[in-house]
Amino acid sequence: MRITICKDIREMTKKVAGEVAETIRGNPNIVLGLPTGSTPEELYKELVLLHKDQGLDFSRVITFNLDEYYGLPASHPQSYHTYMDQHLFGHININRKNVYIPDGMTKDIGDHCRLYEANIKRHGGIDLMLLGIGRDGHIAFNEPGSSLTSRTRIKTLAPETIEDNARFFKSKDEVPRYALTMGIGTIMEAKKIILMANGKNKAEALGLTVEGPITHMVAASILQMHNRVIIYTDEEAAAQLKHIPYYKHEEKSWLTTVEY
Ligand code: PGA
């Protein structure tokens, strides 16, 4: 695991966008895993700028979103379909045929989730998975207690997630209670993973993820078992990390290693 501590969200998302851009330039057919939420919103702004100012080409990029609310149609203002259009896809030259987002209105959840997994496999797996982290340590909507080998499926949202996401809806009651989400096993098969954390309300979850035991009660802690994970955090979210001097020292020699 590599940890890089940035001054603030702006510095963090600029660095991550730079890394994503470099990866796309190196492999124009890259398969990306994409998150939603406030943190990625800033990242997508940077990627849109890189597309507009430097011609970053998304025409062959393939994307799989991590999750979607169950019961929201794609056209709903708070669906992740709408979010992705508003923040990224509507502003870049992505081929819509290359975009995969779970269908929150699917009639057959089991089949739909199996097909989602099959599509990831058909494209050769996810090369670069981008993740946020929930206050409860979730990655995608893998809430505390999720199986660490889970695959794409329906999941009940945790009360703290409903509370956190209520800011996007008129009231807490309107937040869907379920989501379709990639599983932890699905996420762990990505070749490389970048997790972004910002703000003081993520400090406890990030501390447990990086320096706590691996447990399904903090889903992100399973990332300790992956050999190519980079955590980008701002200073506030890093507040509970105990080994900051080492992470900063190690960062200087990153270029010489392939596995972390
Ligand atoms: P946030 O969400 O970026 O809106 O804080 C992160 C997450 O829940 O994965």
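This is a predicted model: local features need pLDDT of at least 70, side-chain atom pairs count only at pLDDT 80 or more; totals for chains, interfaces and linings use all residues.
Residues are numbered from 1 along each chain as its sequence is written, and side-chain values use heavy atoms, with hydrogens and water left out.

Let's start with the largest pocket, which has a volume of about 650 Å³. A pocket here is an open set of points on a 1 Å grid over the protein atoms alone, where a 1.4 Å probe fits and protein lies on both sides within 12 Å along at least five of seven lines; lining residues have an atom within 4 Å of a point. The volume itself is the space filled by probe spheres set on the points. There are 35 lining residues, and Thr36, Gly37, Ser38, Asn165 and Arg167 are the closest to the pocket's centre. At least two lining residues come from each of α2 (38-54), β4 (67-69), α3 (80-87) and α5 (159-165).

This largest pocket is where the ligand sits (more than half of its atoms lie within 2 Å of the pocket's grid points). Around the ligand you'll find Gly37, Ser38, Thr39, Pro40, Gly132, Ile133, Gly134, His138, Arg167 and Lys202, each with a heavy atom within 4 Å of it. By class, that shell has two nonpolar, six polar and two charged residues, with Gly counted as polar and Asp, Glu, Lys and Arg as charged.

Now for the polar contacts (pairs of N or O atoms within 3.5 Å). A polar side-chain atom of Lys202 comes to 2.5 Å from a ligand oxygen. Ser38 uses a backbone N or O atom, 2.8 Å from an oxygen of the ligand, while Thr39 has a side-chain N or O atom 2.8 Å from a ligand oxygen. Taken alone, the ligand exposes 280 Å², and the protein buries 82% of that (Shrake-Rupley areas with a 1.4 Å probe).

Finally, the second largest pocket holds about 220 Å³ of space. Helix α1 (residues 9-26) gives the most to its lining, with three residues.

Methods:
A polar contact is a pair of N or O atoms within 3.5 Å; within protein, one must be able to donate a hydrogen and the other to accept it, and residues adjacent in sequence count only if both atoms are side-chain atoms. Helices (H or I, at least four residues) and strands (E, at least two) are DSSP runs, numbered from the N terminus.
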